[in-house]
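Subject: Structure handover

Hello,

Here is the structure I said I would pass on.

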Amino acid sequence: MLRYLYADELSAHPVLADEMFRCRADQFRTRLGWDVSVDAQGHERDQYDAHDPLYVIWQQPDGGHGGSMRFLPTTGPVMVNEVFGHLTGRGPIHSPLIWECTRFCLDRAADSRVASALMLGGSEIMRGFGIRHVAGVFDARMQRIYKAIGWAPEIVGSEGGGREEISVGLWEYSQRAHERLCRRARVSPELSRLWFARAFGHRPTIPAARTA
């Protein structure tokens with residue numbers, strides 16, 4: 001199932017949080033060889049985890065972490081502006097209607113539907129909060145995954161080439177893409193909406209206390 005948890009809610013789910021940050025260390029440092037910080041607990045965290053992001057987590061039937069990603073509104077500090085702003089080509093991305101998605105992470109044992117389920121969670125956030133676009137930074141590997149899932153972003157700017165290419169992209173909500181993600185994740189639209197409603201209630205707009 002999909003869980004939607006703000007950073008200040010993770011303490012109520014210690015096992016799930018522990019596995020998420022350990023999985024991030026495994027994926028980004030061990031498997032991909034990125035220069036990321038891993039603490040004594042084996043957790044990968046960066047400065048953006050300190051800004052109360054919203055985490056979308058696929059929780060396995062046994063309660064463990066299957067995959068996750070992190071969302072922050074671009075009205076505050078975000079990676080796309082502070083680290084990769086030179087790729088936007090149009091100045092900083094700054095709007096309460098645009099959020100950033102980073103740290104897309106899949107557990108080694110996750111099955112093929114988890115990536116689609118996480119993207120479905122992002123689509124639910126856009127629909128449920130009235131967000132027009134999601135911005136993200138990704139490598140060539142993730143660009144191939146997004147295309148295979150069937151919801152690829154519009155590329156705003158890129159640098160490097162081949163496997164080393166890094167891009168900034170924008171996703172726009174699409175009902176057709178949302179339905180396609182449901183099919184690929186093997187999750188009914190009704191169940192997906194139920195998971196979102198359990199986390200936030202039926203809110204038509206972005207929660208005011210979380211936009212900065």
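A pocket, as the word is used here, is an open set of grid points where a 1.4 Å probe fits, with protein on both sides within 12 Å along at least five of seven lines; a residue lines the pocket if it has an atom within 4 Å of a point. Please keep in mind that this is a predicted model.

The pocket

The largest pocket has a volume of about 830 Å³. Its lining is made up of 39 residues, and those nearest the centre are W34, V137, F138, D139 and I166. Several elements give at least two residues each to this lining: the helices α1, α3 (113-129) and α4 (140-149), and the strands β3, β4, β5 (133-139) and β7. By type, the lining residues of the largest pocket are 23 nonpolar, 6 polar and 10 charged.

The sheet

An open sheet is built from 7 strands, and their order across it is β1-β2-β3-β4-β5-β7-β6. The pairing is mixed. At the edges are β1 (2-6) and β6 (154-159); each has a single partner strand, so one side of each has no neighbour in the sheet. On average, neighbouring strands are turned by 25° against each other, ignoring direction.

The partner of β6 is β7 (residues 166-172), and the two pair in the antiparallel sense over 5 bridges. Within this pair, S158 is opposite S167 in β7.

Helices on the sheet

Helix α1 (residues 14-31) packs on the sheet and touches β1, β2 (54-59), β3 (65-73) and β4 (98-106). The direction of α1 makes about 80° with that of β4. Helix α6 (residues 189-200) also packs on the sheet, where it touches β1 and β2. Between the directions of α6 and β1 the angle is about 25°.

Aromatic pairs

How many aromatic pairs does the structure hold? There are 14. One of them is formed by F129 and F200; this pair is edge-to-face, with 4.9 Å centre to centre and 70° between the planes. Because F129 lies in helix α3 and F200 in helix α6, the pair ties together parts that are 71 residues apart in sequence.

Regards

Technical notes. Residues numbered from 1 in each chain as written. Predicted model: local features only at pLDDT ≥ 70, side-chain atom pairs only at ≥ 80, totals over all residues. Heavy atoms only, no water. Pairing = 2+ DSSP bridges. Helix = DSSP H or I, 4+ residues; strand = E, 2+ residues; numbered from the N terminus. Axes fitted to C-alpha atoms, helices over the stretch in contact; angles between N-to-C directions. Contact = heavy atoms within 4.5 Å. 1 Å grid on protein atoms, 1.4 Å probe; cavity = no way out; pocket = protein on both sides within 12 Å on 5 of 7 lines; lining within 4 Å. Points joined across faces, edges and corners; volume = space filled by probe spheres on them. Nonpolar A, V, L, I, M, F, W, Y, C, P; charged D, E, K, R; others polar. Phe/Tyr/Trp six-rings, centres within 6.5 Å; stacked < 30°, edge-to-face > 60°.
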